[in-house]
Amino acid sequence: MTIEPAIALAMRDIAKRYGATCALRSADLTLQAGRVHALLGENGAGKSTLVKIIVGAVKPDSGSVSLAGKPVAFRSVAEAIAAGIVPIYQHLSLFPELSVLDNLSAFQLAAGRAGLSRKALVPREEARAWLARVGLDLDLDRPVSSLSLGERQLLEIARGVGRNCRILVLDEPTAALNGAEADRLFAVVRDLCAGGTAVLFISHKFDEIERLADEVTVLRDGATVIDAAPIGRHDRATLVKAMLGMQVEHEHRSGSARAEAVLTAAGVRMATGHALDLSVHAGEIVGLAGLVGSGALAIAATMAGAASGQGEIAVGEQRFALGDRREAVRLGVAYVPADRHAEGLFPPVSAIGNASASALSRFSARGLLGKTRERAAIEPLLRRLHLHPARPDAEAASFSGGNQQKLLIARCLALPNLRALVLLEPTRGVDVAARALIHRAVIEMASNGIAVLVASSDLDELTALCDRYLVVRDGMIAEDLPGSASTEAIMAALAGKAAA
Amino acid sequence: MNQVIAPRLLVAPAGIIAAGLIFAAIAPGFLSLGNAASIAGQAWVLVLLATGQMFALAARGFDISVGAIAALAGTLAAMAANSFGLAGLIVAPLVGLACGTLNGWLVGRLALQPIVATLGSLVALKGIALLVSDDGQAVPLTEAGQATSLAFDPVLGLPPLAWLALACVLGAQFLLSHATLGKRILMLGANPEAVGLVGADAGALQIRAYQLCGLFAGLAGALMTARAGAGLPTEGAGMELQAIAAAIIGGTALSGGVANAIAVAAGAFFVQVVLTGLNLTGVSPFLAQVTVGLVILGSGLMDTALRSLLTRNRQPKDVSP
Amino acid sequence: MSSFPIGDRGPSSMPASQRPPVILIVTALLFGLAALAVPRFGTLGNIENVLRIAAILGIVACGQAIVVILAGIEFSFGASAALASVVIVMALPTTGVVGAFLLGSLLILGVGMVNGLLVARFSVPPVIATLGMLMIASGLAAWLAGGLPIDAPPSDAFSFPARGRVLGIPVPILCAAAAFAVLHLLLAKTRLGRGWYLVGANATAARLAGLSVPRLVFSGYAVAGLFCALGAVILTSRVASGQPMLAPNLPFETIAACAVGGLPLGGGRGNVLQVACGVLIVAMLNNIVVLLNLPTAYQLILLGTLVIGAVLLQRDWAFLGNAVRLLTNGRRG
């Protein structure tokens, strides 16, 4: 550190408890004007609490926060926004029924004294300039509900950077962006930095962090373990170790694919209108690789009977109609949806109840439920997945994200005649330890002859698991690559640069 | 914006025309001027209740206590009018505002589900209305003639109270389309989680929405009292349902974020056209009630149908399932 | 593997259902206080009276509980009970007592099935569907009866469901006990009941887990209709007439009972003990209002306050419970 740049935000010794849970114990964070600062940490390390404190949504129990050297204590989000702190969230915070212009003006409309909305709206010319900055050209009166997911994420970014911001907080902003859109975002961020904005960048993707960030802070168990280290001082393994406090071992697998086709779509027409032909063999792990928005998730959902369309999927000799999830389960097709909370979890139901949901027929006779049999069958599965805390009767809502995901995996394992497994983003938002356990379970299932189809936007995950990659572009399977394909080859195929 | 709400806005006018044609064919005298005036006169109470309900629905809330609020407000206003003269009717919107504040506070500050909060106040307010009125006795206005004249004798084409109601509807629409408060309520309904993230106080907005709802219910209570020449503590039961139906038929999305006060007024007129038409065809009032029930179910089915239609149209091509 | 002990039966891993239920203590406390403070409350005659009221309320509340667990709400109970009572009395001369009761019950089952169809197949919000059915059923009841109650010819068979005794115990109380037992069986021991919890907790997840959501929702409203039918038969027998305005507050009282018992109206949670305690609390409070010679308007005010107050209080109880659990958990390491 040769010159001392201006400190935009300094947080010292921040602690925050929720009831009996200690979310932050002693967190430090220093953001410097004109630099991008990456924040790393496992889920549950306290990142989101720290962000909430920065943006004024939560008040810390102790510790100090100072903005450009002056101590501050925000009482509301509105105050933080007024002070020049602009948050951009991972979960879209747009208003679908309202127009693009209304959404761009949301901060102005939402805060301040009530009055005529005309005065609060961003002038149309200015609004167009904001959009152009992130590479968008949209009709300002269009409802946001008619935009694509990527467009919405860029719109949200345009709304944030359009404001005069001193500190920009980006919470996993690229989750919904394709490569070109992410590039656009990074260019905008650099542009802002050049203007003196301090950027806090939260991401799970090391590539992005290395590309964009100047420094990195690592949180573990509510405390800062690496404080503002320049990027490049620590290698990835060191950072991961700092996040986990332990060394993760990578699972290696040897292919177990057999000849027999288990899950087959032939001449199927998906809800998106695209044709689909795909076959997964026993013991094989097939990866559906696609950038966000490519349609890889839709293909996987279709194969599991979770999305509608025309045609049938064959499971061995038997068939189920597209969209008939019930029949698919009966034939042994397990499914882990992409959105754990909206589509997977039963929050008020016990861990056992969550895990047994697809296999109730196995535990019941003439409509009566055999709870002892249920417990006897499910508990070993939860133990195998190292459910933590080990409370099979606790409500699913009380577990961390990674352990909730384990419950969904256990639900697949519990299927009485499991033949095929379809996983969508199986470890999104899951901590590294849970991720390793989930991967191990998937590999185990494959070696037992289960056909596995994984759709993931996480290339590391696919390369760790798959025997074969199907690269999805524009809603269709564009290329079929062998398991030996290099990461570079897959990336090229994803971007559509490979030779046909 | 138009792409989203246009089909919703057309339902109520289309319904009025369709119902009008049917009744014109089967009920003699339906198309007479006198009948049109009678529909117009009777509809205003419902228009006000439905407009209030619209605010609650737009904020992704729900208020089943509006009928009870109107009855209590009308009764208390009648009592006030008997003590302080007709100006005492002003008590009704104030009572409505107070009840709305209570509902809003329960939902916005104590985070109760809207159905729990407003069900509780529905039952409790009914009880209070019975208590203040000596177990449901009507409270006749001493200046009933003057009050009914305000409600029935046209000045420039409409009775003064109807002008007032019309002004309230236009005011509500102005609020939605041109005021930050209206936009904020729509934002709250469109994405309740995000509204706090952009710096608004979601709880405070919920309180505002229920306050507006209560205020309009109170106004409806004043109108009811003026029309009847008496405060009717047990009136208004069932009106909340008609109000919800009218608001939905008037294009308000049950999922929040979409509302138009003028269309909601049209929705209320549709319900009134059906009721008056049935009355003219000599159908038992009990069967008319059955019809209202069917209209409510129909509105629910319509909301579902519209929602699935619109989501199909607006589904971005690359969104994942 | 053994480092993650699962299913150990240590005290802190005791499931929530095995801890002493707060609601039972509250019910007992209310009973004790009322017995001390309210004259005539503790007499045997009055207790039987409370139980009789609680019995009808409880039977119908069993139905409401199923719907609430499904994350729905049922407003048409009172109106469909009224419609059934009118039809029962009108059918009496032609079908005989048993036939009339059967007919009335089938009618309520029908109303429940229509509600179930609207909610399950056509995704109409439960509030709208059941409120619409409330209007329709009460309109039909008034139309059939001409707006006035019709008296039933007095007969022992007709009054048996309300006034009969078996082994000295009033029939309504026996019926309520049976209803609670059936509800417990359904919720805790059957696949159907488990399905209701799962659908109420997250309908999308239930569909993707392979459950037939429409069928489960439909069956829930239909079974709820059956409970309501039993309650309606007893009610009709008690008033010995067809009443188009039989029990206008029945839906409110049953919803209140569920809320007081601690069933979140968001669905996915709740057991028989909670429902039973909720019913007893509502019945006792109504009885106290009567015993204190207060206007019946107070019953309504109390009921409304109770719905809101109970939900608020329970949230705080839940909060306290979680805090305790986290503390004990933390101590284990």
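Start by selecting C:Val217, which lies in helix α9 (residues 213–239) of chain C. Helices here (H or I, at least four residues) and strands (E, at least two) are DSSP runs, numbered from the N terminus. The model is predicted: local features need pLDDT of at least 70, side-chain atom pairs count only at pLDDT 80 or more, and totals for chains, interfaces and linings use all residues. Residues are numbered from 1 along each chain as its sequence is written, while chains are lettered from A and ligands numbered from 1 in the order in which they are written.

**Around C:Val217**

C:Val217 counts as buried because it has 28 C-beta neighbours inside 10 Å. A residue is buried if 20 or more other C-beta atoms lie within 10 Å of its own, exposed if 12 or fewer, and partly exposed in between, with C-beta atoms placed from the backbone. Now show C:Leu70, C:Gly116, C:Val119, C:Ala120 and C:Val199, the contacts of C:Val217 once neighbours within four places in sequence are left aside. Contact means that the C-beta atoms of two residues, placed from the backbone, lie within 7 Å.

Select the whole of chain C, which has twelve helices and four strands. Of its 333 residues, 56% are buried. Among contacts in chain C with a separation of 6 or more, 79% join residues 24 or more positions apart.

Next, bring in chain B. The contact takes 36 residues from chain B and 37 residues from chain C. On the chain C side, α4 (126–145), α10 (250–261) and α12 (297–332) each give two or more residues, and α4(C) has the largest share, 13 residues. That side holds 29 nonpolar, eight polar and no charged residues. In this classing, Ala, Val, Leu, Ile, Met, Phe, Trp, Tyr, Cys and Pro count as nonpolar, Asp, Glu, Lys and Arg as charged, and the others, Gly among them, as polar.

**Two helix pairs in chain B**

Select helix α2 (residues 33–58) and helix α10 (residues 202–228) of chain B, which pack at an angle of about 170° with their axes 8 Å apart. Axes are lines fitted to C-alpha atoms, for helices over the stretch in contact, and angles run from 0 to 180 degrees between N-to-C directions. The angle makes α2(B) roughly antiparallel to α10(B); angles over 145 degrees count as roughly antiparallel, under 35 as roughly parallel, 65 to 115 as roughly perpendicular and the rest as oblique. The contact includes B:Trp44, B:Leu48 and B:Leu49 of α2(B) and B:Phe216, B:Ala220 and B:Leu223 of α10(B). By class it has 18 nonpolar, four polar and no charged residues.

B:Leu181, B:Arg184, B:Ile185 and B:Leu188 of α8(B) make the contact with residues of α10(B) including B:Leu205 and B:Arg208. The contact divides into six nonpolar, one polar and two charged residues.

**The largest nonpolar core**

Finally, select A:Ala300, B:Leu49, B:Leu223 and C:Val307, which touch the most other members of the largest nonpolar core, a set of 423 residues. Helix α3 (residues 77–120) of chain C gives the most to this core, with 21 residues. A nonpolar core is a set of buried Ala, Val, Leu, Ile, Met, Phe, Trp, Tyr and Cys residues joined through C-beta atoms within 7 Å.
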